[in-house]
Protein chains: 2
Amino acid sequence: MASSTQSLATPSEARKAIRSGQMRGHTSGIAPGYAQANLVVLPRDLAYDFLVFCHRNPKPCPLLDVTDPGSPEPARVAPGADLRTDLPRYRVYRHGELVEERDDLLDLWRDDLVAFLLGCSFTFDGLLVEAGVPVRHLGCGSNVPMYRTTQECIPAGPFAGPLVVSMRPIPPEHVVRAVQVTSRFPSVHGAPVHIGDPAVLGITDLAHPDWGDPPVIEPGDVPVFWACGVTPQAVAMNARPELMITHAPGHMFITDVPVASLAVL
Amino acid sequence: MASSTQSLATPSEARKAIRSGQMRGHTSGIAPGYAQANLVVLPRDLAYDFLVFCHRNPKPCPLLDVTDPGSPEPARVAPGADLRTDLPRYRVYRHGELVEERDDLLDLWRDDLVAFLLGCSFTFDGLLVEAGVPVRHLGCGSNVPMYRTTQECIPAGPFAGPLVVSMRPIPPEHVVRAVQVTSRFPSVHGAPVHIGDPAVLGITDLAHPDWGDPPVIEPGDVPVFWACGVTPQAVAMNARPELMITHAPGHMFITDVPVASLAVL
């Protein structure tokens, strides 16, 4: 996906390649060491309730930045960047229905739009790998399995719905380390929400996730569940806003924020 | 301050004593082990910008709860409580000017009001004491010294202004522990913002704080600075909202949240 003439080692190089159309692929592995983010764009009149929803549900909705209404610049996490052009692919929803995928938002942008950037699990898996915790789905090139739970998020205004979790099968001797490592990073979903029996979350069949690929589980592996960034997208879609824009799956915004700087301790 | 007929050991007992008028004093030491909170009440039309301000400046503005517009119930941190009656004393500001102190908000409450509860330093000092870190101002019964810095908060809408910090003189052998202990509790201001030379924050004279009492500094003590909850109050006052209500200094809201449960690790 990467251009042969353009380095993608730093966030600003990567965003430049994306903006110019040289890079339209997945952002996994691009600008390693820097936090990537999910994008949710909503009209200003829904932004307050969405922000309250994120505050009330920080594990699935770890907010990295909110733009000023009408401004496409994420001034805290990537000064000078432009959220209308600096993601490789976008999805546009109207009244909760996907109507379009597109490469930029230049002719869609409005003075009343607010962009939310939320911590992303691309960052998250890297933390586990660095700590020596095996991440099964990375080993076989598949996507992490994600499940709708029976645990309701705390609602805010029109935003309500179940918590969505991702699941990683972890060898028992690595479970404590996985908790410790991810606890240090609340801004990329933080500590697990549950360890062990899927039924506690109302998940009846691990082999059939609601999103992503079926899990690869080795004998003895313990299922460990983390809050997932699909939650706020699903919740926002259910609220059927007149307009909502997100990144296309896997096509994230690359921030200037080193992952290491997000650790709380 | 406490009534002789009413126990103040638990949050619900304390709030009941406050609501009935039996307890009108400072809340320091009441319901030990439970988080207390600063209160800021604003009209809904300013609530979004204030919420964005809190998100952009989490160290001075650690948000514990936001009520639904018009609801006086902090449903996440104290279900069933009533923010119109359950603090021992309130301050009312109109267009940025203090106009009144009062015992309840029953006849002031409106359908468009939103209440913000923010982590409070009463909780914070207790954490240091429990970890064996001497807290000088507690030893002599004075208030912590607070200083306006030359460091600007990240603004949001009409909310802008300097970071206010509290300062605790810490013996050098306890400085690392003080950083570790407070880092675990981002929801009560978290890790220090600065250790050492006050000039780095633009503070010229430690002996003359802008709020609180002059510090008691023992030989060898290192000044350690934390973001302070006065920041959002000062910033909100500067925005001159038509109506703003806060707790009176020292007269906090007592939540049902055990302090220990706020630790990130």
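Student: Where is Arg102(B) found?
Tutor: Arg102(B) sits in strand E4 of chain B, residues 97–102. Strands here are DSSP E runs of at least two residues, helices are H or I runs of at least four, and both are numbered from the N terminus. This is a predicted model, so local features need pLDDT of at least 70 and side-chain atom pairs count only at pLDDT 80 or more, while totals for chains, interfaces and linings use all residues. Residues are numbered from 1 along each chain as its sequence is written, chains are lettered from A and ligands numbered from 1 in the order in which they are written, and side-chain values use heavy atoms, with hydrogens and water left out.

Student: Is Arg102(B) buried or exposed?
Tutor: Buried, because its relative accessible area is 13%. The cut-offs are under 20% for buried, over 50% for exposed and partly exposed in between, with a 1.4 Å probe and protein chains only.

Student: Which side chains make a polar contact with the side chain of Arg102(B)?
Tutor: One is Glu100(B), at 3.2 Å, and another is Asp107(B), at 2.7 Å. A polar contact is a pair of N or O atoms within 3.5 Å; within protein, one must be able to donate a hydrogen and the other to accept it, and residues adjacent in sequence count only if both atoms are side-chain atoms.

Student: OK, switching to the interface. How many residues does the contact take from chain A and from chain B?
Tutor: It takes 22 residues from chain A and 22 residues from chain B, where contact means heavy atoms within 4.5 Å.

Student: And what about salt bridges across the interface, how many are there?
Tutor: The rule finds 2 between chain A and chain B. It asks for a side-chain nitrogen of Lys or Arg within 4 Å of a carboxyl oxygen of Asp or Glu. One of them joins the side chains of Arg56(A) and Asp68(B), at 3.1 Å from N to O. Chain A and chain B also have 6 residue pairs in polar contact, both residues at pLDDT 80 or more.

Student: Which element gives the largest share of the side of chain A that touches chain B?
Tutor: H2(A), with 7 residues.

Student: How many residues of H2(A) are buried?
Tutor: 10 of its 13, so H2(A) is mostly covered. Among them are Tyr48(A), Phe50(A) and Arg56(A).
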